[in-house]
Amino acid sequence: MKKRTADAIVIGGGIIGAATGYYLAKQGLKVILLERNFPCAGSTGRCIGGIRAQFTHDLTIRVMLKSIKMFMELDSELGEDIEWYAGGYLFLAFDEERKKSFLQAIEIQRRYGLKVDFISPDECARIVPGLNQEGLLGGAWCPTDGQANPFKVTYGYLKGMERLGSKVITDSEVKRINIQGDKVVSVVTQTGDEFYAPVVLNAAGPWAEGVAQLAGVFLPVKPDRHEALVTEAVERCLEPMLVDYRSDGCYFVQHYKTGHFIGCYTPVPIVPGDRIDASDEFITEMPRRMVRLLPKLASVKVLRQWAGSYEMSPDGNPICGRTPVEGFYVAAGMSGHGFMFGPALGYLMAELITTGKSSIDISEFRLDRSFAKAEAMK
């Protein structure tokens, strides 16, 4: 059994833990990141890589505007081609209620300078040639949204941490969090190794609720299963992420370099629990839904499917900040948007931990909020 000390311990090797660890290290802290399995083994490595600022919560829009700016500059920051591409996001409206909700969201988004418009069905078809316009009333279009590679971004941050003198330790599951008085002092892994630090960040994704319980903190984050698939590579024919919010809708994008389509949908009803089992229903339904929107995909073959967890908060917004235990912080409950939040929330959490405040006030994401302001564009 080993004993080590650090300025900060990060629990979780997904995008949130990696980004926060990097920005803490960049501010001079010695960081030890503990990952129970391997980096990207949780939600990050199972997401489809979309990045957008089209949300309805004011703070989320501001955080995502910062995150997109950071994604645009991450190649030079990390010395890694993270495959950022601004192909845009097109949210489709097939009924008046959805159109109205998009128009209301656009009004909020424009207050923060987001370049977003509600466009006609013909304009949607000009952006997405071959789009099935049957029943389409138009779409919310933002050309500055985009895509990037979750693995390259996360590993880029982890390599950056190590270049700055911090440590990434895999196969290390935290089993105990030691508290003296009301302060966190150390964590103990399954091997009995103990790591001492005055700061511990819970960025454990789908397992964040259980990690919080080790510190006696209640964290309302529950995982539910989402499935995704990737197709064979074909000639480029789709620029934006295409989003269909109908109950039998889906969302998918074509990777701008490789030509693979990657997509998923939110099941109805949801499938609760930390599950990675794939279903026959998804592999039947998802291609049908994609072809309904873009009939020219009918001959494109699916290569594989997989499943992972969204780590859902009660209102669909992140839970970030301090906890009742001094020195014990949380950044979890990303509700399916952790990858896109990663750069900005990592940066802001590092600021909060090292200076006591962040350059964008993220207190609306605090643990003890009412959770009454739900995000409409989940």
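Trainee: How many disulfides does the structure hold?
Mentor: This is a predicted model, and a disulfide is a covalent bond between the sulfur atoms of two cysteines. The sulfur of cysteine 142 is 14 Å from the closest cysteine sulfur, which belongs to cysteine 124, and that is too far for a bond. For cysteine 264 the closest cysteine sulfur is in cysteine 250, at 8.6 Å, again too far for a bond. The number of disulfides in the structure is zero.

Trainee: Is cysteine 142 buried or exposed?
Mentor: A residue counts as buried when its relative accessible area is under 20%. Because cysteine 142 has a relative accessibility of 0%, cysteine 142 counts as buried.

Trainee: Which side chain of opposite charge is nearest to aspartate 193?
Mentor: Aspartate 193 sits in the loop that runs between β11 (183-189) and β12 (194-196), and its side chain makes a polar contact of 3.1 Å with that of threonine 191. Although aspartate 193 is buried, it has no salt bridge; such a bridge needs a distance within 4 Å. The nearest side chain of opposite charge is 5.3 Å away, and it belongs to lysine 2.

Technical notes. Residues are numbered from 1 along each chain as its sequence is written. This is a predicted model: local features need pLDDT of at least 70, side-chain atom pairs count only at pLDDT 80 or more; totals for chains, interfaces and linings use all residues. Side-chain values use heavy atoms; hydrogens and water are left out. Helices (H or I, at least four residues) and strands (E, at least two) are DSSP runs, numbered from the N terminus. Buried means under 20% relative accessible area, exposed over 50%, partly exposed in between (1.4 Å probe, protein chains only). Lys and Arg count as positive and Asp and Glu as negative; His and the chain ends are not counted. A polar contact is a pair of N or O atoms within 3.5 Å; within protein, one must be able to donate a hydrogen and the other to accept it, and residues adjacent in sequence count only if both atoms are side-chain atoms. A disulfide is a pair of cysteine sulfur atoms within 2.5 Å.
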